[in-house]
Amino acid sequence: MHQAAIHSQISTSSNFQINKMSDKPVFTEKQYLGREFIPLTIRLALAMFCFAVDFFTDERERSGDLLMVVGFAIIIISIAMGFLLHFRTRVQNKSILLDGLWTTRLVKIDLNSIVKVEKGKYSRYLFNNPVYNLHSKGTIRFFTAGKEAIHLTDRDGLVYIIGSQHANEFLRAIEEEMK
């Protein structure tokens with residue numbers, strides 16, 4: 001009798017572990033604010049400009065010291081932004097979960113309501129601002145870095161554009177979850 005109770009406890013705990021394993025995301029991507037190449041280059045060019053102007057100012061002018069402080073502040077802010085998570089994308093349990101910074105809310109896109117999935121360019125522009133849950137002209141955009149995106153269309157005609165640096169893997173994960 002005692003062995004049957006132990007066996008039921010073991011099988012219950014092993015079922016729990018199997019259920020927990022199914023809750024594991026199929027795809028996960030983290031996008032950070034400060035790691036995009038073009039804005040990083042602009043910030044570093046501004047810092048170098050501050051250092052160059054500081055180098056060529058006369059010693060009797062104290063404004064050069066201010067430029068040195070501004071240059072170092074730009075570099076420190078750039079380093080800190082490299083570790084600042086903008087949003088995380090997960091494909092799990094027939095849905096896409098997007099969660100971002102501290103004040104953003106979790107966005108859940110149910111894959112059962114999606115009628116069309118395709119990979120494409122995020123935008124035709126060279127410079128794109130990072131956005132999270134931007135509603136504009138019938139689309140909802142999520143973007144930090146990269147050039148490619150996944151375009152999802154739901155039954156109501158609403159288009160979700162989710163920028164990704166790993167668009168092929170993201171598309172594959174979505175198609176697997178939709179089956």
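Analyst: A residue is buried under 20% relative accessible area, exposed over 50% and partly exposed in between (1.4 Å probe, protein chains only). This is a predicted model, in which local features need pLDDT of at least 70 and side-chain atom pairs count only at pLDDT 80 or more, while totals for chains, interfaces and linings use all residues. Residues are numbered from 1 along each chain as its sequence is written, and side-chain values use heavy atoms, with hydrogens and water left out.

User: OK, which residues of H2 are buried?

Analyst: Arg43, Ala47, Cys50 and Asp54 are the buried residues of H2. They lie on the same side of H2 because they cover an arc of only 55 degrees around the axis, taken from the directions from the helix axis to the C-beta atoms.

User: And which exposed residues does the face turned away carry?

Analyst: That face of H2 carries Phe37, Met48, Phe49, Phe55 and Phe56.

User: Switching to the sheet, what is the order of its strands?

Analyst: The open sheet has four strands in the order S1-S2-S3-S4, with antiparallel pairing, where strands (E, at least two residues) and helices (H or I, at least four) are DSSP runs, numbered from the N terminus, and two strands pair if DSSP finds at least two bridges between them. Strand S1 (27-32) and strand S4 (107-110) are the edge strands, each pairing on one side only.

User: How many bridges between S1 and S2?

Analyst: S1 and S2 (residues 85-92) pair over six bridges in the antiparallel sense, and Thr28 stands opposite Arg90 in S2.
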